[in-house]
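Visitor: I have a model open on my screen and would like to learn how to read its side chains. Could you take me through it step by step?

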Amino acid sequence: MRKLLGCLAVVLALSACRKDAAEGGPEGAGDARGTAARLEGGEAGDDAASGPYTVTKEKLDAYVGYQRKMLEVYGSLMRGLQDMGPLLDAGTPQAMEKARSGLKLIERKAQAEADARQAAGLSTDEVNRIAEVVTAVISQRQMGRTLQYEEELKKLEALQARMPEEQQKELAPQVESMRQQVETFQKLPEARREFGDANVDVVLTREADLTKNYQDMLKAFAGVRR
């Protein structure tokens, strides 16, 4: 699989070079790097505007639809790249042809991404700025559920309630620490400081849908690593 990942790096580099040559300037390479960064959950593209961005309900709804379309694209891309794995790992003469096939898959992904943005009525900058807020909020909420701090807090509080008063006092700092952890995942203070209460609150109105998209995206990327 390391060979597959190495070939993918070459394919991505070829994609940037081809786009640069086609557009006749560094802007093409920059756009290709931005596409690869978004594919890997990286930073926003070079066209991201400075200053705070306001996530409206309408923009967020459009982004949720955009995500669902891109999940289909990612799923198809990952399946195609995964199918290349055995041949590339074997080092056969057909490996370069498969690398070219991988390049075509990535080019089709870039076009599909542009089509999905247009259908959603979102610019590249808007997608990247909304994604920043969504990722900060949903990843933290997901982590809180994965660590099951709320369940652990309930168990700890129940245990404390059954203890003698002196032991309750000894356990109190641990209970308070756990309570603060739960509150952090519930209220998201870091995300609120960075993006503002209004942005965080509007993202939470679509938490269920965004969480499903987040989980499905992880599954799509996990498939190529198996």
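Guide: Gladly, and we begin with accessibility: a residue is buried under 20% relative accessible area, exposed over 50%, and partly exposed in between, using a 1.4 Å probe and protein chains only. By that rule E152, at 34% relative accessibility, counts as partly exposed. This is a predicted model, so local features need pLDDT of at least 70 and side-chain atom pairs count only at pLDDT 80 or more, while totals for chains, interfaces and linings use all residues. Residues are numbered from 1 along each chain as its sequence is written, and side-chain values use heavy atoms, with hydrogens and water left out.

Visitor: Which residue forms a salt bridge with E152?

Guide: Side chains of opposite charge can pair when their charged atoms come close. The rule for a salt bridge is a side-chain nitrogen of Lys or Arg within 4 Å of a carboxyl oxygen of Asp or Glu. Here K155 meets E152 at 3.8 Å, N to O. Both lie in helix α6, three residues apart, about one turn of the helix. K155 is exposed, with 54% relative accessibility. As for the helix names, helices (H or I, at least four residues) and strands (E, at least two) are DSSP runs, numbered from the N terminus.

Visitor: How many salt bridges are there by this rule?

Guide: The count comes to 16 salt bridges. One of them joins K212 to D216, with the closest N and O atoms 3.2 Å apart. These two are four residues apart in helix α10, so about one helical turn separates them. K212 is partly exposed, with a relative accessible area of 45%, whereas D216 counts as buried at 17%. Elsewhere, salt bridges that share partners join K57, D61, R206 and D209 into one network. Within it, K57 and D61 have their closest N and O atoms 2.9 Å apart, and both lie in helix α3, four residues apart.

Visitor: Let's turn to aromatics. How many aromatic pairs does the structure hold?

Guide: A pair of aromatic rings is described by the distance of the centres and the angle of the planes. Rings of Phe, Tyr and Trp (its six-membered ring) pair if their centres lie within 6.5 Å; planes under 30 degrees apart count as stacked, over 60 as edge-to-face and the rest as tilted. The structure holds two such pairs. The rings of Y63 and Y66 have centres 6.1 Å apart and planes at 35 degrees, so this pair is tilted. Both residues are buried. The rings of Y149 and F185 have centres 5.7 Å apart and planes at 45 degrees, so they are tilted too. This pair links distant parts of the chain, with Y149 in helix α6 (residues 149-162) and F185 in helix α7 (residues 165-187). F185 is buried at 10% relative accessibility, but Y149 is partly exposed at 22%.

Visitor: Which residues touch the most other members of the largest nonpolar core?

Guide: A nonpolar core is a set of buried Ala, Val, Leu, Ile, Met, Phe, Trp, Tyr and Cys residues joined through side-chain atoms within 4.5 Å. Of the 30 residues in the largest one, L60, Y63, I130, V134, V137, V203 and L210 touch the most other members. Helix α3 supplies the largest share of this core, ten residues. A second, separate core has six residues, including L153, L156, L171 and V182.
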